[in-house]
Amino acid sequence: MKVFTAFLLTCALSTVHADIAPAEQTDVLPNARLATPPSPPPGFIPPPLNPRGIELETRQLSDGAYARMSNTPFADNAGFIVGEDAVLVIDSHFNGEMGQQIIDAVRAVTDLPIRYLLNTNAFGDHVFGNHVFPEDTRIIAHQGTIDSLSISTVEGIAQTMRGTVNGDLSVFDGVKLRLPDVGFDTVWSVDLGDRVVEMHWFGPGMSPHDSVVYLPKEKIAWTANLLFGADTIPWARSGGVADYRATLRKMADTISPNTIVSGHGRIASGKAIHRYVSYLDDILEQAKQAALSNTTGDDFSANAIIDPKYVIEPELETLMTGFHRWNLQAAYRESR
Ligand SMILES: [Zn+2]
């Protein structure tokens, strides 16, 4: 009987927070440092994330699955999932006002409690609306994200995100840093009542602990910063291009989404994962060749443009070109 009870307890715990383990301390940086490009290449512009005037539009993707899409090309998207018993929200957006927009959208669809809020990374534009969610909403994130936020302050982050909001620091007014309650390591899952939701960490990508939310039955993924929307390329923000590729390969081996809702950009098909892997393959190979032919890093990256075989969303061309040059710098460093 004792063994049986212990087994049941283990099962119950693993449903709520599986594989909890502390992240490696070496990966943990304060959010402020995550948001500050150390050495931007020529032509690089910070991602335009100013939430002022942003209206999130609700799009129903399947029964119980909703995207919240920004009305500008790159400001944050979010989402929510409704089961028979409860609601789960994906990312709380930039500040209290934006977080409230998400809560209001949930309330337009259902009265069920918002029992879970998932934070996909430690950047302010994904977590700064946390504080307006109900007190009994449990916030879930990768343990590394929690560690990063625990050594951050709103003021520090606001200063370093200045470039993404056209210097308008008033968008951070009223923000209180509310830390997630539950950390996970590789996978967390919950059943909201006839609707299972998974959250995965496949490895480092744009930042060290980018997490992906997945509906296995409906085959819909929320990829946040790991995979931007349709007609984009990745941004190897943290520098590990080969690691980023390995992470995306693991994602492709583990889940098979038909629909991808990114944290930034338009809704994409599942094929976007393979496009990202192919792009990273290409630049790693090009960097290797450049290093072998004694091309300098600057000559390799400073004026580079994206191979036209990767069609780019026209409104994002300048931003993506900056990301591309950044990626080339990183790939070149790795090839040496
Ligand atoms: Zn983001």
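**Entry 1: what I am looking at.** The model is a predicted one, so I keep that in mind throughout.

Entry 2: I started with strand β2, residues 65-69, and checked its cover: five of its five residues are buried. Which way do the residues of β2 point? I found A65, A67 and M69 on one side, with Y66 and R68 on the other, and all of them buried.

Next I looked for the partners of β2. Strand β1 (residues 57-62) runs antiparallel to β2, and five bridges join them. R59 has A67 as its bridge partner in β2. The hairpin of β1 and β2 has two residues between the strands, and there G64 takes a positive phi near 80 degrees. Strand β3 (residues 78-82) also runs antiparallel to β2, joined by four bridges. For R68, the bridge partner in β3 is A78.

**Entry 3: β5, β6 and β7.** β5 (residues 114-119) pairs with β6 (residues 138-142) in the parallel sense, over four bridges. I noted L117, whose bridge partner in β6 is I139. β6 is also joined to β7 (residues 182-184) by three bridges, and these two run parallel. H142 finds its bridge partner in β7 at F184.

**Entry 4: helix α5.** Is α5 enclosed or open? Seven of the eight residues in this helix (residues 143-150) are buried, so it is largely enclosed by the rest of the structure. I wrote down the buried ones: Q143, G144, T145, I146, D147, S148 and L149.

**Entry 5: the six-stranded sheet.** I traced an open sheet in the order β8-β9-β10-β11-β12-β13, with mixed pairing. β8 (187-191) and β13 (268-269) are at its edges with a single partner strand each, so one side of each has no neighbour in the sheet. Further in, I checked β11 (residues 220-224) against β12 (residues 259-262): they pair in the parallel sense over four bridges. I220 stands opposite T259 in β12.

**Entry 6: the core.** Last, I looked up the largest nonpolar core, which has 89 residues. Which of them touch the most other members? They are F80, L88, V89 and V213.

Technical notes. Residues are numbered from 1 along each chain as its sequence is written. This is a predicted model: local features need pLDDT of at least 70, side-chain atom pairs count only at pLDDT 80 or more; totals for chains, interfaces and linings use all residues. A residue is buried if 20 or more other C-beta atoms lie within 10 Å of its own, exposed if 12 or fewer, and partly exposed in between; C-beta atoms are placed from the backbone. A nonpolar core is a set of buried Ala, Val, Leu, Ile, Met, Phe, Trp, Tyr and Cys residues joined through C-beta atoms within 7 Å. Two strands pair if DSSP finds at least two bridges between them.
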